[in-house]
Amino acid sequence: MPGLPARCPRPRDLRRGAVLTWVFLMAVGAAASTGCWDRTGAAATDSAAALPPVRTSAPAPEASRPAGTADREAVARAAAEAVAEGKSGKKAAQEVVSRSGDRWGAVYDQGEYAAFADDLDGRWTGVGLWAGRGRGGRVEVERVQPGGPAARAGLRAGDRLLSVDGHAVTGLAVADVVALLRGAAGTPAVLSLSRDGADFTETLRREQLRAEPVTVRELPGGITVIKVASFTRGSGERVRAAVRAAPAGARLMLDLRGNPGGLVTEAVTAASAFLDGGLVATYDVRGTQRALYAARGGDTARPLVALVDGGTMSAAELLTGALQDRGRAVAVGTRTFGKGSVQMPTRLPDGSVAELTVGTYRTPGGRSLDGAGITPDVAAGEEAEERARTVLGGLGVGP
């Protein structure tokens, strides 16, 4: 884990749910590709989809940190004191972050943090389930990976997860549940669950899994649907390739529903598929403003609709906000999640890493999405795709 990065507006391991979300902008050393990554966490998968990073500026004085966030020096001091006493620096740091009110702050041990980098290409080792924390600290299965161990065992959304390998998960932070679910390929994972009031146990074998972040399908009437499940490495260029490959005269539907975010640089690349340069978003790190711009040469003529819902988070919201503010796309669906804060990592004495909130990002029109999300231009629930087709039918094709 080379140098620590600054993080900005987060992958795929998070889905819908009433739990925390993270977003990171980090720099992972000179050899690593630079970019923002967001770790949105309303729900997380056992893949711990978090993506690495680039530092964009030197830390500013602690006095400029936003209200309701953890004091970096206090977190580091607590960890150092705990280590000196032979205690867990990570646990001590977690306690400070918890008391601070930093709802997106989190602390990871070396293994958890290193696992983030392993997921940059959409690969991970686990049992193939997404878990979200609901009311009362209960942990529920949000989704299962098609063809994965959990799916083959018959697990399904709504199942309550009680324990992993004998460790009770109720009340645990999502990151800790993720750590329990992960492990070496081939090792067993004993899951205790509850469904409709009946408890049961399943023993699964962890596997190397992979998810395709971008898929394309054609609908009748000359509509090309580009589904982006998350912004992992290479997904932005896949979106650009999909737009270039779309049939002449096709209308475009960008499906960002359930997209928990990912690498912000990938979201900016995806924006470049539809914009001819210009501003995508701005963000601040302890009061210092930064900006993200699209590349020139995108397709600005084809009619475009962006499908969104409550599971559209962070980097996916950043992309939607840019397309909406710049008049490039009509957003259809339900209000998005509302994750727009920036975290920056601090390495602690025991090697663990604390991710603390340092600022927020905004759309080209100056909107802050943190806590508010994006209100679609056309409200639609389960019939969103049909409504989007109607909208596309009314949009004219540019020259």
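Predicted model: local features only at pLDDT ≥ 70, side-chain atom pairs only at ≥ 80, totals over all residues.
## The protein as a whole

The protein contains nine helices and 22 strands. Of its 399 residues, 56% count as buried, and its accessible surface comes to about 14900 Å², with carbon and sulfur atoms accounting for 51% of that area.

## Helices α1 and α2

Two packed helices are described by the angle between their axes and the distance between the axes. For helix α1, which covers residues 72-84, and helix α2, which covers residues 89-100, the angle is about 145° and the axes are 7 Å apart. The crossing of these two helices, α1 and α2, is right-handed.

On the side of α1, the contact is made by A74, V75, A78, A79, A82 and V83, while α2 contributes G89, A92, A93, V96 and V97. When the residues in this contact of α1 with α2 are sorted by class, ten are nonpolar and one is polar, and there are no charged residues.

## Helices α6 and α7

Helix α6, made of residues 235-245, packs against helix α7, made of residues 264-271, at an angle of about 15°, and their axes are 7 Å apart. Angles under 35 degrees count as roughly parallel, and α6 and α7 are therefore described as roughly parallel to each other. The crossing of α6 and α7 is right-handed.

The residues of α6 that make the contact are S235, G236, E237, V239 and R240, and those of α7 are E266, T269 and A270. In the contact of α6 with α7, two residues are nonpolar, three are polar and three are charged.

## Two residues in strands

S163 is placed in strand β8, which runs over residues 160-164. Its relative accessible area is 12%, and because buried means under 20% relative accessible area, S163 counts as buried. When neighbours within four places in sequence are left aside, S163 is in contact with A168, V169, V190, L191 and S192.

T203 belongs to strand β11, which spans residues 198-205. With a relative accessible area of 54%, T203 is exposed, since the cut-off for that class is over 50%. Not counting residues up to four places away in sequence, T203 touches P188, A189 and V190. T203 and P149 are 54 residues apart in sequence, and the distance between them in space, from C-alpha to C-alpha, is 9.4 Å.

Conventions: Residues numbered from 1 in each chain as written. Heavy atoms only, no water. Axes fitted to C-alpha atoms, helices over the stretch in contact; angles between N-to-C directions. Helix = DSSP H or I, 4+ residues; strand = E, 2+ residues; numbered from the N terminus. Parallel < 35°, antiparallel > 145°, perpendicular 65-115°, else oblique. Left-handed = near helix turned anticlockwise from the far one by under 90°. Contact = heavy atoms within 4.5 Å. Nonpolar A, V, L, I, M, F, W, Y, C, P; charged D, E, K, R; others polar. Buried < 20%, exposed > 50% of the residue type's maximum accessible area, 1.4 Å probe, protein only. Areas by Shrake-Rupley, 256 points an atom, 1.4 Å probe, with all protein chains shown as cover.
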